[in-house]
Amino acid sequence: MSQTVIDIQNLIFQWPGREGFRLSIPHFQVDRGERVFLQGASGSGKSTLLSLLGGVLVPQQGQLQVLNTDLMTMSSSERDRFRVDHVGLLFQQFNLVPYLSVRENVILPCRFSQRRRGKALESANSLEQSADRLLGQLGLDPTYSQQRVTSLSVGQQQRVAAARALMGHPELIIADEPTSSLDADRQSEFLDVLLGRCNEEGVTLIFVSHDQRLAHHFNRSINLNELCSFNAGSV
Amino acid sequence: MTFPSRLKRSHRFIAVLVVGLLTINLQTVAAADYGVGDRLTSSPSKSVGKTAPPTNSATSYKEVTWDALMPKNWDPMAPLKGLKLDHLKDGDPRAIEALEKIREAWNDAPIEPTLNGARIRIPGFVIPLERVGDKVKEFLLVPYFGACIHTPPPPSNQIIHVTVSKPISGMRTMDTMWVNGVMHAGKVDTEMGQAGYQLKAETVAPYK
Amino acid sequence: MRSLFFLAFASAWNRRTTLGLMAISIALSVMLLLGVEQLRTQARESFSQSISGTDLVVGARTSPIQLMLYAVFRLGDATHNIRWSSYQTLSQHPSVSWAVPISLGDSHRGFAVIGTTTDYFEYFRYADRRLLAFSSGKPFADIFDAVVGADVAQQLGYQLGDSIILNHGAGGMGLSDHADKPFKVSGILKRTGLSVDRSVHISLEAIEAIHLDWQGGAPMPGLSIPAEYVRKFDLVPKEITAIFIGLKSRAGVFQMQRYINQYKTEPLLAVLPGVALDELWSIVSIVERSLLAISVLVVGVGLSGLVAVVLAGLGERRRELAVLRSVGAGPGVVFMLLAIEGLMVVVLGSLMGLLGLMVLSVFAAPILETHLGISLATWTLSAESWQLLLTVMVTGFLVSLIPGYRAYRISLADGLTPRL
């Protein structure tokens with residue numbers, strides 16, 4: 001079983017219809033279990049890179065493989081399915097569906113992915129049980145499970161989002177500035193629990209943030225400018 | 001896409017749907033344009049498969065014309081023989097008397113007894129007699145349009161009294177129908193000795 | 001699939017106020033649509049049931065529809081009466097099997113009084129050749145006997161043997177009273193659902209008897225004939241309002257009709273009930289169609305509103321849709337979610353409308369029956385009504401595809417990071 005989770009070679013992506021707006025990545029490789037810190041400010045092509053990794057955008061040139069699967073030959077719905085089966089996503093804010101309970105939010109990926117559903121049920125009697133356990137491991141005790149997400153603090157909401165990303169054992173987690181809405185104390189706490197879980201489960205983590213101070217938590221730190229050349233073109 | 005243009009597109013779509021609803025539900029009855037005295041052609045001019053009611057080979061009906069209901073030796077215009085109608089003025093007592101004689105004769109017209117028990121099919125205009133709810137259970141079938149309204153009534157051997165076992169919905173006066181069934185030609189009024197045609201219809205289908 | 005419905009419902013419940021209002025608006029429009037359709041079919045059924053087995057209805061020479069209206073459906077007043085001698089001649093015509101005369105114009109505490117012969121109970125049929133049945137008693141034998149309909153007995157609390165007073169004129173409260181000649185209830189009829197239920201039947205001689213000391217609608221001053229002497233007078237009727245005729249041969253109806261229409265002694269009109277009914281419907285159908293068209297447009301307005309509301313709300317829901325997208329809901333799923341939501345609202349609204357209509361029918365039915373003689377079936381729907389209901393729901397689903405498609409496009413464009 002290959003150890004390479006992400007393999008990008010000579011990738012070039014051009015936004016259709018936007019002359020000169022272009023992202024170019026000569027080489028990027030991530031192995032299993034790595035915790036990669038990608039540092040870059042907004043506007044440095046960060047969103048584009050994440051969309052490419054998530055299979056939402058398709059590059060015009062080069063090679064893009066995630067978990068040894070060539071994303072470029074897949075159709076849009078195939079890529080959607082691949083993403084939910086193998087990748088957990090975590091954003092800066094507004095991660096959760098406001099009218100569902102905490103537990104329901106965590107279970108969501110299992111509604112759309114048979115693989116993750118199956119995996120979750122391997123180690124628990126029900127999806128709800130698996131979700132509750134995951135929440136506990138992230139520092140949220142069971143009393144929160146049935147509550148509406150809107151009654152939680154931002155820090156607690158991010159933990160719920162993390163639980164959802166981890167639910168059903170995806171191989172890869174992509175986190176886009178998940179701590180940027182939290183205050184300094186909470187940031188450390190959050191990172192600790194997240195990284196702890198990823199270690200335990202052998203999940204590969206790609207963590208994007210503009211905050212250099214967080215870099216020491218990770219075993220690999222890359223600056224986006226080094227990784228790719230992003231040309232915003234003549235605007 | 002800006003907000004206003006988004007709404008406009010959906011409203012157009014809805015307008016189309018509403019019109020669609022309208023046309024589905026307002027079943028405009030395309031009333032055939034018949035004039036008083038118009039008759040039906042016995043065989044439909046269009047393809048048989050589409051317009052004629054299905055005929056099973058086991059229960060086949062013989063198509064008859066209205067003329068066949070009149071015995072060959074009966075002349076409906078007999079009382080007018082010998083009268084030179086062109087030479088008579090309106091209101092001439094002989095003309096009036098002749099018309100009276102015709103009416104009396106037509107009232108007691110002879111039937112064609114060979115039709116008794118025959119399985120026939122015949123097209124005509126309907127006059128509903130009995131209803132069950134809004135469905136017609138019994139009606140008269142006549143050969144031409146407006147038979148009861150504007151013109152003198154047809155001779156009694158040109159009227160068929162039809163009964164159906166399964167009441168028919170949506171039948172209105174002067175609708176045109178194909179009627180298939182078993183004909184009874186005989187006495188209908190034992191006291192008066194009057195004879196007429198009665199039909200037990202097995203299928204009734206619109207005439208197209 | 002179950003997940004889809006769960007998510008759609010959870011999302012809709014979150015916006016239940018707005019969507020609830022849209023459902024109510026659709027409910028009202030469905031109520032209107034189905035109400036119009038039900039009324040239409042019930043009216044036709046009721047009127048068609050009013051008379052059966054009668055070949056001709058004969059009366060004064062008015063229009064055929066008007067004759068049917070006052071003689072058969074008992075709506076409106078008779079324009080003109082016909083002579084008793086005409087009835088005698090017609091009833092003796094060789095083609096005629098039976099002839100029943102009726103006389104209209106009187107009333108009893110708001111119910112119509114009908115003068116007729118005992119033949120009425122033998123030959124008058126309704127619905128599917130049903131004869132009038134008695135729940136108690138029998139037809140009149142004595143001059144002052146009366147047979148009352150089921151509603152009359154129930155609402156005025158009459159029983160066999162009771163005495164009742166009859167008014168002259170068809171007004172609700174009789175201005176003039178026949179108090180000195182009370183009648184006795186000799187029979188009560190079973191319920192028919194027709195105007196018969198709201199009528200009091202007496203003999204033709206009784207009508208004459210009531211009017212002995214009357215001239216032109218008011219009692220003659222100084223003249224009062226006690227009841228017991230009435231019988232000594234000549235009570236042969238002079239006038240009647242209409243005659244129901246049954247022929248020996250039904251096919252001979254045209255000849256008889258022509259004969260009556262050309263009757264020299266008096267201007268008469270003979271009408272085939274089935275044909276006159278069709279004439280009535282062809283006139284009414286214009287109104288029917290207009291009402292139906294309006295109702296359909298109102299439903300269109302309701303559905304339009306639903307689409308507009310959901311479309312307008314999509315802007316706020318971009319985040320929600322992006323979140324769903326990020327957990328694996330493809331654009332197609334988003335499309336279905338919106339479509340299902342729309343369908344749910346339409347189905348809910350339609351069912352509410354249906355229920356509302358039934359509740360309304362319960363209240364409206366007695367009024368309709370009393371004033372128009374239409375008996376409304378409260379708890380059943382005609383086949384056409386079910387068709388309309390289904391069409392509304394299908395159309396509702398189809399228009400819900402519009403916001404579905406919009407949401408689909410949004411989620412495609414936004415990807416994982418919504419533009420806010």
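Predicted model: local features only at pLDDT ≥ 70, side-chain atom pairs only at ≥ 80, totals over all residues.
## Aromatic pairs

Over all chains, the structure holds 18 aromatic pairs. In one of them, Trp178(B) and Tyr207(B) adopt a tilted arrangement, with 5.7 Å from centre to centre and 35 degrees between the planes. This pair links distant parts of the chain, since Trp178(B) belongs to strand E5 (residues 176-189) of chain B, whereas Tyr207(B) lies in the segment after strand E6 (194-206) of chain B, 29 residues apart. Trp178(B) counts as buried because its relative accessibility is 0%, and Tyr207(B), with a relative accessible area of 13%, is buried too.

In chain C, Phe47(C) and Phe73(C) form a tilted pair, whose centres are 4.3 Å apart and whose planes make an angle of 45 degrees. Here again distant parts of the chain are linked: Phe47(C) is in helix H2 (residues 16-49) of chain C, and Phe73(C) is in the loop between helix H3 (64-71) and strand E2 (82-83) of chain C, 26 residues apart. Phe47(C) is buried, with a relative accessible area of 10%, and Phe73(C) is buried as well, with a value of 8%. Elsewhere in chain C, one aromatic cluster is formed by Tyr120(C), Phe121(C), Phe124(C), Phe134(C), Phe140(C) and Phe244(C).

## Arginine over aromatic rings

Trp178(B) also takes part in a contact with a charge, for the charged end of Arg121(B) sits over its ring, 4.0 Å from the centre. A contact of this kind is also found for Arg319(C), whose charged end sits over the ring of Phe94(A), 3.9 Å from the ring centre.

## Salt bridges

Side chains of opposite charge can pair when their charged atoms come close. A search of the whole structure finds 30 salt bridges over all chains. Arg121(B) forms one with Glu63(B), in which the closest N and O atoms are 3.6 Å apart. The partners come from distant parts of the chain, Glu63(B) from strand E1 (residues 62-63) and Arg121(B) from strand E2 (residues 119-132) of chain B, 58 residues apart. Glu63(B) counts as partly exposed, at 32% relative accessibility, while Arg121(B) is buried, with a relative accessible area of 5%.

A salt bridge between chains joins Arg250(C) and Glu138(B), at 2.9 Å from N to O; Arg250(C) is in the loop between strand E15 (242-247) and H9 of chain C, and Glu138(B) is in strand E3 (residues 135-142) of chain B. Arg250(C) counts as buried at 9% relative accessibility, and Glu138(B) is buried with a relative accessible area of 8%. Both residues belong to a network of salt bridges that also includes Glu130(B) and Asp55(C). In chain C, Asp197(C) and Arg191(C) form a salt bridge whose closest N and O atoms are 3.8 Å apart; Asp197(C) counts as buried at 0% relative accessibility, whereas Arg191(C) is partly exposed, with a relative accessible area of 46%.

## Helix H3 of chain B

Helix H3 (residues 93-107) of chain B has 15 residues, which at 1.5 Å a residue should span 21 Å, and its end C-alpha atoms are 21 Å apart, in agreement with that expectation. In H3(B), the residues Ala95(B), Ala98(B), Ile102(B) and Trp106(B) are buried. Seen down the axis of H3(B), the buried residues fall within an arc of 70 degrees, and therefore line one face of the helix. An α-helix has 3.6 residues a turn, so residues three or four places apart point the same way.

On the other side of H3(B), Pro93(B) and Glu104(B) are exposed. The cover over the buried residues of H3(B) includes helix H9 (253-261) of chain C.

Technical notes: Residues numbered from 1 in each chain as written. Chains lettered and ligands numbered in written order. Heavy atoms only, no water. Phe/Tyr/Trp six-rings, centres within 6.5 Å; stacked < 30°, edge-to-face > 60°. Helix = DSSP H or I, 4+ residues; strand = E, 2+ residues; numbered from the N terminus. Buried < 20%, exposed > 50% of the residue type's maximum accessible area, 1.4 Å probe, protein only. Lys NZ or Arg CZ within 6 Å of the ring centre and 35° of its normal. Expected span 1.5 Å × (residues − 1). Arc of directions from axis to C-beta. Contact = heavy atoms within 4.5 Å. Salt bridge = Lys/Arg side-chain N within 4 Å of Asp/Glu carboxyl O.
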